[in-house]
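Colleague: I have a model open and would like to go through some of its local features. Can you take me through them?

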Amino acid sequence: MSVVGAPPAGAESIWQLAIGFGMAARAVQTACLLGVFDGLVAQPKTGPVLAQELGLDANGLEAILVACTALGVLERSTDGRYRNSALASTFLRAGVPGTLHDAVQRGSTLYTDWVDLPAAVRSGQPLHSGVALSDATALKAYLDGVFQTSWPEAVAFAEGHDWHDVRRVLDVGGGTGAYAIGLARRWPDLRVDLLEREAVVPFARDLIRASGLASRINVLAGDYHGTLPGATYDLTLLMNVLHQESADNTAQ
């Protein structure tokens, strides 16, 4: 019997299914944490030279450099020097516009959750190492990552439908405004109310202001369980929200 979605038979496929993704993610996270991508900005370098500059063990760093090259975030010349790929230059360097550097670094904390996953399934209790709303630095890193990964889909969403009759949009749990900005840029007669938790509101307002759309995107602080605007909307967006609710709540 053929089963849809089943991996190819063989021990290698099971091995890759079980650990491959985790190993790749950890290699890139480690390179970010150790400053590898920033250390290669000025010029390509060999592993020993970079290890000396970063104060790392040369053999250990070489293993990370080889892994990152296989993953496409580094490139290696025939004389053994490494440089950032275009992908790493755009998304893995610290302090450049649009970077995911801080979000990738923060991804290392998620390993605690994954290690504890069996206990969570046994007990039914949620895992608690997610982003604390009180930690502004970690929250911004998370929100920046969500925006950058959502932006291409937001642009496609805005361009892929005919919204010319839509005048008012409610974006529930809209983060820092990827979909709101995408819609407002594409459809100039459209206005958006974005509802988000109070801790997220300043980051959303800053990004929307920087986009030049503060006059058409209004950010409201609240929780959709008890704080929904009383206005009438032509379109309501509810994305990446219901997965965190119980079956009973989503059925209401």
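This is a predicted model: local features need pLDDT of at least 70, side-chain atom pairs count only at pLDDT 80 or more; totals for chains, interfaces and linings use all residues.

Colleague: Start with α4. How many residues does it have, and how far does it reach?

Modeller: Helix α4 covers residues 58-70, which is 13 residues, and spans 18 Å from its first C-alpha to its last. That is close to the 18 Å expected at 1.5 Å a residue, where the expected span is 1.5 Å times one less than the number of residues. Helices here are DSSP runs of H or I with at least four residues, strands are runs of E with at least two, and both are numbered from the N terminus.

Colleague: Which residues of α4 are buried?

Modeller: L61, I64, L65 and C68. They cover an arc of only 100° around the axis, so they sit on the same side of α4; the arc is that of the directions from the helix axis to the C-beta atoms. Buried means under 20% relative accessible area, exposed means over 50%, and partly exposed is in between, with a 1.4 Å probe and protein chains only.

Colleague: And which are exposed on the other side of α4?

Modeller: N59 and A70 are exposed there.

Colleague: What caps the N-terminal end of α4?

Modeller: D57 does, with a side-chain oxygen 3.2 Å from the backbone nitrogen of N59. Just after α4, G72 has a positive phi of about 90°.

Colleague: Changing topic: how many salt bridges are there?

Modeller: The count is seven, taking a salt bridge as a side-chain nitrogen of Lys or Arg within 4 Å of a carboxyl oxygen of Asp or Glu. One of them joins R81 and D79 at 3.1 Å, N to O. R81 is partly exposed at 35% relative accessibility, and D79 is partly exposed at 47%.

Colleague: Where are R209 and D206?

Modeller: Both are in helix α11 (residues 201-210), three residues apart, about one turn of the helix. Residues three or four places apart point the same way because an α-helix has 3.6 residues a turn. R209 and D206 form a salt bridge with their closest N and O atoms 3.0 Å apart. R209 is exposed at 51% relative accessibility, whereas D206 is partly exposed at 44%.

Colleague: What about E196, buried or exposed?

Modeller: E196 is buried, at 9% relative accessibility, and lies in strand β5 (residues 191-196). The E196 side chain reaches the backbone nitrogen of G175 at 3.0 Å. E196 also forms a salt bridge with R197, the closest N and O atoms being 4.0 Å apart. R197 is partly exposed at 45%.

Colleague: Last one: which residues form the nonpolar patch on the surface?

Modeller: L110, W114, L117 and V121, with about 420 Å² of accessible area together. Helices α7 (110-115) and α8 (117-123) each give two or more residues to the patch. W114 is in α7 and is exposed, with a relative accessible area of 61%. Patch residues have over 30% relative accessible area and no salt bridge; like charges are joined within 9 Å, and nonpolar side chains (Val, Leu, Ile, Met, Phe, Trp, Tyr) within 5 Å. Areas come from the Shrake-Rupley method with a 1.4 Å probe, and for residues only the protein chains shown count as cover.

Definitions and conventions: Residues are numbered from 1 along each chain as its sequence is written. Side-chain values use heavy atoms; hydrogens and water are left out. A polar contact is a pair of N or O atoms within 3.5 Å; within protein, one must be able to donate a hydrogen and the other to accept it, and residues adjacent in sequence count only if both atoms are side-chain atoms.
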